Each structure stands twice: as C-alpha cells, then as structure tokens.
Amino acid sequence: MLLGTYLPKLDDKGRLILPARFRDELSGGVVITRGQERCLYVFSEREFATFSDRIRQAPVTSKQGRDFIRLLLSGASQERPDAQHRVTIPPALRAYAGLERDLTVIGAGNRAEIWSTPAWEAYYASVESDYANTAEEVIPGLF
C-alpha cells in the first residue's frame, strides 16, 4: 500500500526519484497516466492491469465511461525505474500536470499521485476544511 507525502525534485531530463517507501512496490515497472484534478496517477504494472480490467467493464454505450477510458488510457506510459530508482515522466504528462521542478508525491493506497507542489497546496487548502467537517458517511460502512 502506498502511503505518505514526499517532496522530490524533477530533474532536467524529466526524471523523478521514487520515494524510498514506494520502491519495493513499484520496482517491477510503473504505468503513469493522467489523473483527476490535473495530477498524475502512478500504478504498479500489476495494479494497473487490475484497474484497467475493472474500467473496461464500463458499457461502450456510456459516453462518460468512454470519455474516462479514452483520457486515462491514451495518456498512459509504461516506465521502468532505472538503477537509481528514477522514472521518466513523458513531456505530455508533465505538461498536463503542470510539473516543473518542485513536486509533491502522495501515496493514495493503490496508486501514487504526482502533483506540482503549488497545485497540491491549492488543492489541499480547498478540500481540507470539508474533510475536517465531514459529518456524513462518505464511504459506506467506514464510520
């Protein structure tokens, strides 16, 4: 399970050193793709296979399903960490997420998310009070 918040830097070649706590799970290869809220999702290859099997169950007749699958899969890139645990983030994905030097990488359970640090800080500020004030059951059976 991928957990925590990390603040790595993007190098001049568009590479990111994977957080040490993520390396075991992601060492066999990753799939990086467009996420929601202009971040990038990073799945292990195994987790991405499971995830893509589930999303392909969406009916072809669902426009929302087609749109989601198209945007998610058309932006996907398989990457293999090098000996220094770096992965290259393709230019199109860096542009999509507005990535420059300062990054925030968070663990989101079955995936990591890569954010530009300013975007993460703005997102966090906008949702933290709602999180703190959640009084209803957001995830059935959790509370």
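Predicted model: local features only at pLDDT ≥ 70, side-chain atom pairs only at ≥ 80, totals over all residues.
Trainee: Why is phenylalanine 22 called buried?

Mentor: Its relative accessible area is 1%, and buried means under 20% (partly exposed runs from there up to exposed, over 50%, with a 1.4 Å probe and protein chains only). Phenylalanine 22 therefore counts as buried. Residues are numbered from 1 along each chain as its sequence is written, and side-chain values use heavy atoms, with hydrogens and water left out.

Trainee: What makes serine 52 buried or exposed?

Mentor: Serine 52 has a relative accessible area of 8%, so by the under 20% rule it is buried. Serine 52 belongs to helix α2, residues 45–55 (helices are DSSP runs of H or I, at least four residues, and strands are runs of E, at least two, numbered from the N terminus). From the C-alpha of serine 52 to that of leucine 72 is 9.5 Å in space, while 20 residues separate the two in sequence.

Trainee: Back to phenylalanine 22, then. How do you know which kind of aromatic pair tyrosine 6 and phenylalanine 22 form?

Mentor: The structure holds 8 aromatic pairs. In the pair of tyrosine 6 and phenylalanine 22, the centres lie 5.2 Å apart and the planes are at 80 degrees. Rings of Phe, Tyr and Trp (its six-membered ring) pair if their centres lie within 6.5 Å; planes under 30 degrees apart are stacked, over 60 edge-to-face and the rest tilted. This pair is therefore edge-to-face. It links distant parts of the chain, 16 residues apart: tyrosine 6 is in strand β1 (residues 5–6), and phenylalanine 22 is in the loop between β2 (15–17) and α1 (23–26). Elsewhere, ring pairs join Tyr41, Phe43, Phe48 and Phe51 into a cluster.

Trainee: How do you know that arginine 111 lies over the face of tyrosine 41?

Mentor: Arginine 111 is at 4.4 Å from the ring centre of tyrosine 41. A charge sits over a ring if NZ of Lys or CZ of Arg is within 6 Å of the ring centre and within 35 degrees of the ring normal, so this contact qualifies.

Trainee: What makes β7 largely enclosed?

Mentor: In β7, 5 of the 5 residues are buried, so the rest of the structure largely encloses this strand. Both of its faces are covered: Leu103, Val105 and Gly107 are buried on one side, and Thr104 and Ile106 on the other.

Trainee: How do you know that β1 and β7 pair, and in what sense?

Mentor: Two strands pair if DSSP finds at least two bridges between them. There are 2 bridges joining β1 to β7, so they meet the rule, and they run antiparallel. Threonine 5 faces isoleucine 106 in β7. On β7's pairing with β8, there are 5 bridges, again antiparallel, and glycine 107 is opposite alanine 112 in β8. Their hairpin has 4 residues between the strands, with glycine 109 at a positive phi near 80 degrees.

Trainee: Why do β1 and β5 count as edges?

Mentor: The open sheet of 6 strands has the order β1-β7-β8-β4-β3-β5, with antiparallel pairing. β1 and β5 (77–79) each have a single partner strand, so one side of each is left without a neighbour in the sheet.
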